Amino acid sequence: MDKILIIEDDELIAELERDYLLAEGLEADIVINGRKGLEQFEKENYAAVILDLMLPGRSGFEICRDIRRKSDVPILFVTARKEDIDKIRELGLGADDYVIKPFSPVELVARVKAHIQIHRSLKPDKEEKILTIGDLEIFPDSYQVYKNKKRIDLTAREFALLLFFARNPHIAFTRERLFDRIWGMEAIGELATVTVCVNKLRDKIEDDPANPKLIQTVWGVGYRFGG
């Protein structure tokens with residue numbers, strides 16, 4: 001059974017999250033202190049981390065950064081302030097998702113399960129060759145991307161989208177097809193999510209994001225990977 005680490009100083013919220021995860025067949029550990037939460041992460045193999053931002057001992061920002069230095073486990077932020085989302089994006093911490101309090105526990109669990117599925121789909125059992133597109137190198141097994149030998153930090157969604165594009169070059173995909181393939185048929189969201197993810201990915205891998213050469217827009221259809 002997959003186990004989730006919940007680092008949240010509001011015990012009522014943490015217990016609510018745990019109850020809903022248990023109802024969906026997922027175990028969960030709760031830690032209410034940031035420093036102890038990071039120590040707990042080191043002790044077990046967690047399938048995902050639900051991380052509050054404002055924590056005693058160590059902030060969620062610091063915890064996320066430390067986890068990302070050694071693991072690509074899905075990380076979902078929980079915050080009470082919308083302005084925190086902009087800070088998460090600006091810092092480029094590598095978080096996979098976020099929810100704003102008050103939130104729907106059902107939606108949170110659905111997102112956790114979706115990210116676990118994506119994470120596993122990118123970890124094939126057999127060794128896979130490196131995908132090289134120009135100065136871009138994609139390592140499917142180690143979940144890493146390099147451009148001009150410099151590592152690029154991507155979220156799980158961004159990596160999944162890039163990997164899908166790289167494995168299917170020169171094919172035009174609609175936003176609907178990309179949403180179903182990357183986010184899943186049961187995902188909660190809108191097609192605009194695809195556009196946002198494509199733009200973020202372009203910012204990270206294109207020489208000139210305003211004039212993309214790799215992820216090309218096919219007007220009236222969607223997107224094509226032209227590397």
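**Entry 1: helix H1**

What covers the buried residues of H1? I opened the predicted model with that question in mind. The cover includes strand E1 (3–7), strand E2 (27–31), strand E3 (48–52), strand E4 (75–79) and H5.

Next I looked up which residues of H1 are buried, and I found Ile13, Ala14, Glu17 and Leu21. Looking down the axis of H1, I saw these buried residues fall within an arc of 100°, so they line one face of the helix. That spacing reminded me of a general rule: an α-helix has 3.6 residues a turn, so residues three or four places apart point the same way. On the face of H1 turned away from the buried side, I noted the exposed residues Leu12 and Ala23.

I then checked the length of H1, which takes in residues 11–23. Its 13 residues should span 18 Å at 1.5 Å a residue, and the end C-alpha atoms are 18 Å apart, which agrees.

I also visited both ends. Just after H1 comes Gly25, with a positive phi of about 80°.

H5 runs over residues 105–121, which makes 17 residues. From first C-alpha to last, H5 reaches 24 Å, close to the 24 Å expected at 1.5 Å a residue. I listed the buried residues of H5 and found, among them, Pro105, Leu108, Val109 and Arg111. The list also includes His115 and His119.

Which two residues does a cis peptide bond join? I found the bond between Lys101 and Pro102, with omega about -10°. Pro102 sits in the loop between strand E5 (97–100) and H5.

**Entry 2: a sheet and the helix across it**

I followed an open sheet of 4 strands in the order E6-E7-E8-E9, and its pairing is antiparallel. The edge strands are E6 (131–133) and E9, each pairing on one side only. On average, neighbouring strands of this sheet are turned by 25° against each other, direction ignored.

I took a closer look at one pair: E6 and E7 (residues 136–139) are antiparallel over 3 bridges. Here Leu131 stands opposite Ile138 in E7.

H6 lies across E6, E7 and E8, and runs at about 110° to E7. In helix H6 I picked out Glu158. Is Glu158 buried or exposed? I found a relative accessible area of 4%, so Glu158 is buried. Leaving out residues up to four places away in sequence, Glu158 touches Asp153, Cys197, Lys200, Leu201 and Lys204.

**Entry 3: two loop residues with positive phi**

Finally, I looked up two backbone angles. Lys149 is not a glycine, although its phi is positive, about 70°. I located Lys149 in the loop between strand E8 (144–147) and strand E9 (150–152). Lys149 is exposed, with a relative accessible area of 66%.

His170 is not a glycine either, and its phi is positive at about 65°. I found His170 in the loop between helix H6 (156–167) and strand E10 (172–174). His170 is exposed, with a relative accessible area of 55%.

Terms used:
Residues are numbered from 1 along each chain as its sequence is written. This is a predicted model: local features need pLDDT of at least 70, side-chain atom pairs count only at pLDDT 80 or more; totals for chains, interfaces and linings use all residues. Side-chain values use heavy atoms; hydrogens and water are left out. The expected span of a helix is 1.5 Å times one less than its number of residues. Buried means under 20% relative accessible area, exposed over 50%, partly exposed in between (1.4 Å probe, protein chains only). Two strands pair if DSSP finds at least two bridges between them. Axes are lines fitted to C-alpha atoms, for helices over the stretch in contact, and angles run from 0 to 180 degrees between N-to-C directions. Contact means heavy atoms within 4.5 Å. The arc is that of the directions from the helix axis to the C-beta atoms.
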